[in-house]
Amino acid sequence: MILDFTISNFRSIKEAQTISFEATNDSHLEDYYIIHKDKYRILKIATILGANASGKTNIIRAFGRLYDLML
């Protein structure tokens with residue numbers, strides 16, 4: 001289970017960037033988008049938004065690299 005994923009010095013991402021999968025305290029649509037696991041409230045879905053050439057694809061590639069390292 002990944003709660004936070006921080007990337008730095010990977011392709012075009014130089015400074016540390018963090019994507020968090022923990023839900024806020026908002027209970028709107030909680031039954032659809034949030035899983036309760038122990039003391040954590042985890043999002044089922046996440047969105048990466050940004051301008052063109054801002055590094056969105058590099059974040060996805062970093063997830064792929066993490067997957068490769070884990071195998």
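Visitor: Does Ala 53 count as buried or exposed, and at what relative accessibility?

Guide: Ala 53 counts as exposed, at 85% relative accessibility. The cut-off for exposed is over 50%. Keep in mind that this is a predicted model.

Visitor: Where does Ala 53 lie?

Guide: Ala 53 sits in the loop between S4 and H2. Its backbone deserves a look too. Ala 53 has a positive phi of about 60°, although it is not a glycine.

Visitor: Where is Asp 38 in the fold?

Guide: Asp 38 lies in the loop between S3 and S4. Those strands form a hairpin with two residues between them. Asp 38 counts as exposed, at 71% relative accessibility.

Visitor: Let us step back to the whole chain. How many helices and strands does the chain have?

Guide: The chain has two helices and four strands. Follow the sequence and the pattern is β-β-α-β-β-α. The radius of gyration is 14 Å, well over the 11 Å that the globule rule gives for 71 residues, so the chain is more spread out than a compact globule.

Visitor: What box do the C-alpha atoms fill?

Guide: Along the principal axes, the box is roughly 35 × 30 × 20 Å.

Visitor: What share of the residues counts as buried?

Guide: Of the 71 residues, 23% count as buried. Contacts give another view of the chain. Take contacts between residues at least 6 apart in sequence: 31% of these join residues at least 24 apart.

Visitor: Now the strands. How many bridges join S3 to S4, and which way do the strands run?

Guide: Pairing is read from bridges and direction. Four bridges join S3, residues 34–37, to S4, residues 40–43, and the two strands run antiparallel.

Visitor: What else does Leu 43 contact?

Guide: Set aside neighbours within four places in sequence. Leu 43 is then in contact with Phe 21, Glu 22, Ala 23, Tyr 33 and Ile 34. Leu 43 is partly exposed, with a relative accessible area of 29%. Leu 43 and His 28 are 15 residues apart in sequence, and their C-alpha atoms are 12 Å apart.

Visitor: How many bridges join S1 to S2?

Guide: Four bridges join S1 to S2, and these strands run antiparallel. Ile 7 stands opposite Gln 17 in S2.

Visitor: Which residues of S1 are on the covered face, and which on the uncovered one?

Guide: Phe 5 and Ile 7 make the covered face of S1. Asp 4 and Thr 6 make the uncovered one.

Visitor: Where is Phe 10 found?

Guide: Phe 10 is in the loop between S1 and S2. Phe 10 is buried, with a relative accessible area of 15%. The cut-off for buried is under 20%.

Visitor: Which residues is Phe 10 in contact with, beyond its sequence neighbours?

Guide: Leaving aside neighbours within four places, Phe 10 is in contact with Asn 58, Arg 61, Ala 62 and Arg 65. Tyr 32 is 22 residues from Phe 10 along the chain, with 33 Å between their C-alpha atoms.

Visitor: Is Ile 60 buried, exposed or partly exposed; what does its relative accessibility give?

Guide: At 49% relative accessibility, Ile 60 counts as partly exposed. Ile 60 is found in helix H2. Ile 60 and Asn 25 are 35 residues apart in sequence and 27 Å apart in space, C-alpha to C-alpha.

Visitor: Last, the largest pocket. How much space lies in the largest pocket?

Guide: About 220 Å³. Read a pocket by its volume, then by its lining. Among the lining residues are Phe 5, Ile 7, Gln 17, Ile 48 and Lys 56.

Visitor: Which strand gives the most to the lining?

Guide: S2 does, with three residues. S1, S2 and helix H2 each supply at least two residues.

Visitor: How many lining residues fall in each class?

Guide: The lining has seven nonpolar, four polar and one charged residues.

How values were computed. Residues numbered from 1 in each chain as written. Predicted model: local features only at pLDDT ≥ 70, side-chain atom pairs only at ≥ 80, totals over all residues. Heavy atoms only, no water. Pairing = 2+ DSSP bridges. 1 Å grid on protein atoms, 1.4 Å probe; cavity = no way out; pocket = protein on both sides within 12 Å on 5 of 7 lines; lining within 4 Å. Points joined across faces, edges and corners; volume = space filled by probe spheres on them. Nonpolar A, V, L, I, M, F, W, Y, C, P; charged D, E, K, R; others polar. Rg over C-alpha atoms; globule rule 2.2 N^0.38 Å. Buried < 20%, exposed > 50% of the residue type's maximum accessible area, 1.4 Å probe, protein only. Contact = heavy atoms within 4.5 Å.
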